[in-house]
Amino acid sequence: MVMDIATSTEDTVSQQAKENMKSKRRKVIKRYVTALSFLAPALILYFIFMLYPMIDAVRYSFFDWNGASTSMNFIGVDNYTALAKDDIFLRSLGHNLLWVVLSLIMMVIPTLILAVLIANVKKGRTFFRAGFYLPSVLSLAVIGVLWAKIYDPIMGPINAFLKSIGLESLAQNWLGEPLFVIPALVLASTWAFYGLYMILYLAGLQNISRELYEAADIDGAGPISKFWNITIPSLRNTMNLVISMVVIHALKGFALIWIMTQGGPFYMSEVVSTFVYKAAFSMNKVSYGTAASVVLGVIIIVFTVGFNIYRDRSEAK
Amino acid sequence: MKSFNWKNVGVLLFVLMLALTSVGCQSPSAVNEDGKKPGKKENESTEDVLNLLIPNYYNDVEKRQWVEVVDKFKELNEGIEVVVETGDVQVESGSLPTLLQSGVNIPDAILMNAGPGRVAILSEAELIRPINDLYVEHKWAEKLRPYAYNLISGEENIYEVPHMIDAIGFFYNKNVFDMGGIDKAPETKEEFETTLEKLKETGVPPITVGARNGYAVGWIFGVMMEAVAGKDKVENLFYGDGKWNDPEFVEVGEMLVDWVDKGYIAKESVTQAQPDSKFRFLSGKAAMEVEGSYLITEISEQGLEENVHFFMMPSFIEGKTASPTGGIGQTWVIPTKAEDDELAAKWFDFIVSEEFSETVLNFPDYNFIPASQASVDMEPAGEALKTAMNFAKEGTGYNPSVFMGVDAKEAYFQNLQGLIGGLITAEEALDGIEKGAEKDRANGFQLKKQN
């Protein structure tokens with residue numbers, strides 16, 4: 001009898017425990033369902049418009065397809081093998097890396113200095129902000145045409161100016177010489193985007209406490225010391241963002257190059273994006289072009305993830 | 001007071017958005033020549049409306065010519081309404097394949113940029129239909145110039161009806177020639193070389209090239225190949241076992257480099273766009289430019305008929321005559337999803353007819369050589385076209401860009417830019433082009449034509 005009572009008590013306890021477990025599980029599921037129901041619209045849209053095209057691009061890269069044909073031949077990694085042997089593609093990648101380096105040099109610090117100068121202007125700050133931001137609102141097509149005219153070897157203002165001051169020997173065909181074509185394009189690209197980065201820096205500068213500068217003044221710090229020891233460390237996050245954006249823009253840049261040089265002359269300004277466009281549309285090798293764009297995408301992702309890990313680690317120190 | 005109902009506003013906005021989306025997603029609407037959208041008349045059957053898609057007009061002259069051509073067709077085919085829509089008909093830009101794949105607003109016939117590579121992309125994807133049956137039924141083979149028919153009938157299936165033949169050669173500015181004391185277009189190799197030298201002495205650049213656009217630098221090189229190596233040699237390159245790095249073609253490359261070195265072509269041309277080059281030529285800032293007969297309407301629009309004339313670079317081969325280069329410039333195709341083949345066939349009948357050739361060749365500013373046999377002995381009203389047609393009587397030479405595979409074409413454009421910019425030697429350039437051609441051959445690219 002005693003045994004029976006003990007057994008029945010145990011049963012009741014285990015049943016209760018089971019029910020508790022069930023109830024907990026139900027609550028967890030309910031919580032997940034609730035969370036999912038809120039996330040679902042965004043997730044579905046993200047999948048349809050972002051993930052699916054990317055997955056599809058990767059899928060195409062394993063086929064031989066001309067973009068119009070109803071059938072595709074599976075060729076495995078042949079497109080990637082061909083890319084590894086394609087001189088023009090490798091040269092394009094090299095040009096992209098050069099573009100990144102030049103963009104970083106011409107964008108990150110110069111725009112920061114510009115932002116600091118504008119932030120310190122007492123009168124007409126809005127005028128300068130708007131004025132320097134203006135190129136960012138122009139379409140890249142307009143900027144491309146404009147800079148192509150500026151670089152025009154015969155009628156362009158740069159060569160006209162050099163000739164007028166007796167420096168004719170320095171006048172160049174800026175978009176026609178191997179040494180100058182990429183720097184010239186990067187300069188035009190810098191002009192198009194520096195307003196955007198300047199605004200980011202200005203926003204960052206507004207978040208730096210004035211007290212830090214006042215304390216530095218009391219300690220007798222000069223402007224360069226303040227810039228180096230207060231401004232730059234305080235803008236670390238903004239600089240990281242700017243560096244990421246500059247690199248991504250530099251790797252993805254297409255419109256300006258296409259309008260100004262179309263990758264020429266003789267592949268001198270060919271970058272991966274123009275290579276992809278030509279492969280896909282001029283040469284009807286859509287899958288080959290897709291493989292090239294996947295390689296570029298992987299490079300961008302690796303850089304962005306790597307840079308974020310480096311940033312997190314350096315901040316943790 | 002009734003409170004503001006946001007729910008109603010939301011519903012209203014949603015309906016508005018749907019309406020705007022449905023309007024925005026419509027295909028571009030067709031317009032008649034008078035700019036009005038064609039309304040379907042009462043009791044009018046759909047079979048009576050012929051929908052055509054043609055390339056965008058370069059200028060108003062071309063637009064006016066098309067109106068007259070359509071009027072002539074309507075006069076000959078009473079009861080058929082013609083809707084002409086203009087747009088991007090390039091295969092390279094992806095526009096045409098996309099339109100045809102969409103199945104929306106598919107025209108009955110399309111006038112597209114010709115070339116075996118371009119047409120093959122559409123035919124392989126079954127976006128255009130073979131028209132062998134229509135060729136037999138309507139006897140078009142006999143109504144086309146043999147040269148034009150042979151170019152499009154090498155394969156088992158025929159997909160196109162040639163509209164016109166390209167004639168690419170030198171246009172020259174008579175005023176600049178006068179400045180250099182040159183009283184006529186050169187007819188021999190020696191005269192041509194003297195002309196270049198005399199023009200250089202005037203201070204006006206003898207030749208302008210819009211080399212930034214690959215097709216434009218391709219035009220001049222094609223003309224030079226025809227003149228220096230000869231038509232047979234070039235033909236063997238595309239239809240036989242010829243190689244781009246053949247010494248004769250390398251010689252053509254060296255000549256191009258030499259022209260740049262001597263200042264006949266400005267080195268800066270490497271970054272000059274074709275429209276800029278054309279502007280430079282038409283405004284008298286360069287003596288010559290290699291262009292197709294399509295330049296004629298622009299010459300007319302700017303009132304330069306008296307001052308700008310056409311000639312073909314003389315053959316450098318003893319006893320030979322060089323023809324303008326080209327091939328089929330524009331060609332008609334029927335989309336697989338087109339609603340009415342018979343209407344398209346009626347239009348094609350008209351295109352190869354005497355009436356069409358008479359109509360267009362009577363325009364003093366018409367810019368194309370019709371592909372029909374009927375046009376062979378006709379005399380065009382315009383002087384420049386008359387010269388081009390005389391040169392092209394026995395057919396034209398080859399504009400390489402039209403006859404190349406995709407890899408060779410890209411290599412051709414880039415390497416020629418390299419030559420003009422002084423970035424590579426002629427041998428390197430021609431080797432580069434041959435490498436592209438080898439890739440094409442490995443991918444199965446091989447042209448065929450009837451002899």
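1. Start with B:Lys139. With 12 C-beta neighbours inside 10 Å, B:Lys139 counts as exposed. (A residue is buried if 20 or more other C-beta atoms lie within 10 Å of its own, exposed if 12 or fewer, and partly exposed in between, with C-beta atoms placed from the backbone.) The phi of B:Lys139 is positive, near 55°, and the residue is not a glycine. You'll find B:Lys139 in the loop between helix H5 (132-138) and helix H6 (140-143) of chain B. Helices here are DSSP runs of H or I with at least four residues, strands are runs of E with at least two, and both are numbered from the N terminus.

2. A word on what you're looking at. This is a predicted model, where local features need pLDDT of at least 70 and side-chain atom pairs count only at pLDDT 80 or more, while totals for chains, interfaces and linings use all residues. Residues are numbered from 1 along each chain as its sequence is written, and chains are lettered from A and ligands numbered from 1 in the order in which they are written.

3. Now chain B as a whole. Its secondary structure comes to 20 helices and 10 strands.

4. Chain A gives another picture. It has 13 helices and two strands. Its radius of gyration is 29 Å, whereas a compact globule of 317 residues would have one near 20 Å. The box filled by the C-alpha atoms of chain A is roughly 120 × 75 × 30 Å, taken along the principal axes. Buried residues make up 30% of chain A.

5. Among contacts in chain A between residues at least 6 apart in sequence, 68% join residues at least 24 apart. In chain B, residues 24 or more positions apart account for 77% of the contacts with a separation of 6 or more.

6. Next, the place where the chains meet: 21 residues of chain A are in contact with 26 residues of chain B. On the chain B side, helix H3 (95-102), helix H4 (116-124) and helix H19 (406-420) each supply at least two residues. H19(B) gives the most, with seven residues. By type, the chain B side divides into nine nonpolar, nine polar and eight charged residues. (Ala, Val, Leu, Ile, Met, Phe, Trp, Tyr, Cys and Pro count as nonpolar, Asp, Glu, Lys and Arg as charged, and the others, Gly among them, as polar.)

7. Nine of the 11 residues of H12(A) are buried, among them A:Phe275 and A:Lys278. What covers the buried residues of H12(A) includes helix H3 (87-119), helix H10 (236-252), helix H11 (255-260) and helix H13 (286-316) of chain A, together with H19 of chain B.

8. How do H12(A) and H13(A) pack? Their axes are 7 Å apart, at an angle of about 165°. (Axes are lines fitted to C-alpha atoms, for helices over the stretch in contact, and angles run from 0 to 180 degrees between N-to-C directions.) That makes the two helices roughly antiparallel, a label for angles over 145 degrees, while under 35 is roughly parallel, 65 to 115 roughly perpendicular and the rest oblique. The residues of this contact divide into nine nonpolar, two polar and no charged.

9. Two loops on either side of H12(A) deserve a check. A:Pro265, in the loop between H11 and H12 of chain A, is joined to A:Gly264 by a cis peptide bond with omega about -5°. A:Asn284 lies in the loop between H12 and H13 of chain A and has a positive phi of about 55° although it is not a glycine. A:Asn284 is buried, with 24 other C-beta atoms within 10 Å. For background, most residues other than glycine have a negative phi, and most peptide bonds are trans.

Notes: The radius of gyration is taken over C-alpha atoms; the globule rule is 2.2 Å times the number of residues to the power 0.38. Two residues are in contact if their C-beta atoms, placed from the backbone, lie within 7 Å.
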